[in-house]
Amino acid sequence: MALQPLDASRVNPLEGGPSFSLGNRIMRAVWNVTWAVLASWTPPQMSFWRRFLLKLFGAKLGLSCDVRGSARVWYPPHLHLADRALLAERVTCYNMAPISLGRGALVSQGAHLCAGTHDISSAAFQLIARPITIGPQAWIAAEAFVGPGVEVGEGAVLGARSVAFRSLDAWTVYGGNPAKPLKRRVLRDAG
């Protein structure tokens, strides 16, 4: 189900008008009730059940990936998780545009992935949705924020409480607000 924000000049969201169609708002209301009643309370070991519900509502999920019960997914059809990707406890996945996590990517507790913003030059305050891509083996640390249109490179790290509004290079550690590169990420051999 394609998702397009409504024309703000026509629906006037500044006066309380909707940003999305009635059908979309109804679908999301049914989704929110379903998640609250059937998944939000589940322990980590019930990932199979949460995956089933997400897929039922249109999410595309790989093997052994997980979305914890306290995480919030705004629109399941725009969620794409590769094998072993994880949205941890209390993650907000505000996916007005697609949000994709690569194989083994981790979004830690309380992080916020926000795929929408508003055009501040628009008198009608038009909503703009841009996809977020988080590469394989990347880590978005606790309470970090990733903004619309950001691409997080393979193996990149966004440190705790850091804020990314620009794309992050592969195998680089970032920190701060706004996020700045701190050092290269180098993996040690196991053993």
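These notebook entries record what I looked up in a predicted model.

**Entry 1: the helix pair**

I began with helix α2 (residues 22-38) and helix α3 (residues 47-56). Two packed helices are described by the angle between their axes and the distance between the axes. I found that the axes of α2 and α3 come within 11 Å and cross at roughly 170°. Angles over 145 degrees count as roughly antiparallel, so α2 is roughly antiparallel to α3. I then listed the residues that make the contact: W31, T34, W35 and L38 from α2, and W49, R50, L53 and L54 from α3. By class, the residues of this contact are 6 nonpolar, 1 polar and 1 charged.

I next traced a sheet of strands. Strands of a sheet pair through backbone hydrogen bonds, either parallel or antiparallel. In this open sheet, 5 strands follow the order β1-β4-β7-β12-β15, and their pairing is parallel. At the edges I noted β1 (60-61) and β15 (151-152), each of which pairs on one side only.

I turned to strand β18 (residues 172-175). In a regular strand the side chains alternate between the two faces of the sheet. I saw that T172 and Y174 point one way from β18, while V173 and G175 point the other way. All four of these residues are buried.

Which strands pair with β18? Strand β16 (residues 157-158) pairs with β18 in the parallel sense over 2 bridges, whereas strand β19 (residues 180-184) pairs with β18 in the antiparallel sense over 4 bridges. I followed V173 in both directions: V173 is the bridge partner of V157, and V173 also stands opposite K183 in β19. Between β18 and β19 the hairpin has 4 residues, and I noted that G176 takes a positive phi near 100° in this hairpin.

**Entry 2: aromatic rings**

I examined W74 and Y75: their ring centres are 6.2 Å apart and their planes stand at 55°, so the pair is tilted. Are W74 and Y75 buried or exposed? I found that W74 and Y75 are both buried. W74 and Y75 also belong to a cluster in which ring pairs link F20, W74, Y75 and Y94.

Key: Residues are numbered from 1 along each chain as its sequence is written. This is a predicted model: local features need pLDDT of at least 70, side-chain atom pairs count only at pLDDT 80 or more; totals for chains, interfaces and linings use all residues. Side-chain values use heavy atoms; hydrogens and water are left out. Buried means under 20% relative accessible area, exposed over 50%, partly exposed in between (1.4 Å probe, protein chains only). Two strands pair if DSSP finds at least two bridges between them. Rings of Phe, Tyr and Trp (its six-membered ring) pair if their centres lie within 6.5 Å; planes under 30 degrees apart count as stacked, over 60 as edge-to-face and the rest as tilted. Axes are lines fitted to C-alpha atoms, for helices over the stretch in contact, and angles run from 0 to 180 degrees between N-to-C directions. Angles under 35 degrees count as roughly parallel, over 145 as roughly antiparallel, 65 to 115 as roughly perpendicular and the rest as oblique. Contact means heavy atoms within 4.5 Å. Ala, Val, Leu, Ile, Met, Phe, Trp, Tyr, Cys and Pro count as nonpolar, Asp, Glu, Lys and Arg as charged, and the others, Gly among them, as polar.
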